[in-house]
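Open the model in your viewer and keep the selection tool at hand. This tour goes from one stop to the next.

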Amino acid sequence: MIIDFHTHAFPDDIAERAMSKLAYKSHLTPSHDGTISGLIKSMDNAGIAKSIICTIATKPSQSENILKWCLKIKSERIIPFASIHPENDSGFVKKIASSGISGIKLHPMYQKFFADDERMFPIYGEIEKEGLILIFHSGFDIAFPADERASVERILKVAEKFPGLKIIASHTGGWKMWDRVLRLLAGEDIWLEISMTLKYIDAPERFYQIIKKHSPDRILFGTDAPWGNQSEDAGAVRKLSIAAELKEKIFSENALSLLGG
Ligand SMILES: [Zn+2]
């Protein structure tokens with residue numbers, strides 16, 4: 001079984017506009033049309049059983065509607081993570097948790113905050129208390145060159161300050177910061193989600209070093225589809241020179257235990 005821990009989709013009525021805006025910003029060609037049905041087609045092609053959808057509130061007023069949409073699209077195969085904006089009251093986390101959503105995605109660049117900013121601490125505290133999973137966009141971002149707001153160092157500070165927080169650092173701990181991931185984040189008590197890495201890492205051995213140093217139980221398959229390609233990325237993981245047992249953990253076992261606990 002394969003679980004993709006990092007995908008995106010949008011409500012049907014805004015998908016086209018959102019996709020063209022984001023594709024323009026990132027210069028990436030999307031692998032599906034940005035709708036839920038487009039994502040499900042992509043999952044069927046790639047043999048992916050379940051996808052976690054990451055949402056992003058770029059304005060405080062969007063969080064409520066995003067949560068409503070998450071509850072509408074939630075299904076056996078689609079696991080939406082809600083969003084909270086840094087300017088929302090931290091109490092909104094409780095509303096997310098009590099509505100049955102398993103986690104929250106935060107994107108420091110699109111939401112304009114530093115990952116370790118103290119004004120985020122009440123939100124982190126609530127997420128920790130409610131036992132929700134927190135996915136960070138981590139590292140650089142194609143659309144925000146040289147931006148350090150989601151740096152490895154800042155994510156590490158959050159992990160140290162909130163030891164009970166279930167943090168997933170996306171893009172194998174920090175997109176295009178993989179030297180720093182190996183030095184600082186690998187081996188820490190967080191989850192690493194591996195989207196947008198194998199195609200972009202200039203030294204493939206760095207990837208192997210990171211996963212060797214990290215707990216085998218805390219590595220998650222992800223694609224960032226439609227920005228990554230689910231079929232290609234699943235194929236790339238199948239081809240990795242690692243034990244079959246570790247591939248099983250990465251593809252689904254770790255995700256199932258994280259979602260179940
Ligand atoms: Zn993403």
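Predicted model: local features only at pLDDT ≥ 70, side-chain atom pairs only at ≥ 80, totals over all residues.

**Stop 1: strand β5.** Select residues 133–136. Both faces of β5 are covered. I133 and I135 are buried on one side, L134 and F136 on the other. In a regular strand the side chains alternate between the two faces of the sheet.

**Stop 2: strand β4.** Pick K105: its bridge partner in β5 is I135. Now trace the chain from β4 through helix α5, residues 121–130, to β5. This β-α-β crossover is right-handed.

**Stop 3: strand β6.** Select residues 166–169. β6 also pairs with β5 in the parallel sense, again over four bridges. I135 has I168 as its bridge partner here. β5, α6 and β6 form a right-handed β-α-β unit.

**Stop 4: the core.** The largest nonpolar core has 69 residues. Among those with the most contacts inside it are I104, L134, F136 and I168. Helix α6, residues 152–161, gives the most to this core: five residues. Centre on I104. Beyond its neighbours within four places in sequence, I104 is in contact with F81, I84, I127 and L134, among others.

**Stop 5: K247.** Go to helix α10, residues 244–260, and select K247. Is K247 buried or partly exposed? K247 counts as partly exposed, because it has 17 C-beta neighbours inside 10 Å. Residues up to four places away aside, K247 touches V237, R238, L240 and I242. Finish with a distance: the C-alpha atoms of K247 and D116 are separated by 32 Å.

Notes: Residues numbered from 1 in each chain as written. Helix = DSSP H or I, 4+ residues; strand = E, 2+ residues; numbered from the N terminus. Buried ≥ 20, exposed ≤ 12 C-beta atoms within 10 Å, placed from the backbone. Contact = placed C-beta atoms within 7 Å. Core = buried A, V, L, I, M, F, W, Y, C linked by C-beta atoms within 7 Å. Pairing = 2+ DSSP bridges. Right-handed = clockwise from strand over helix to strand, strands pointing away.
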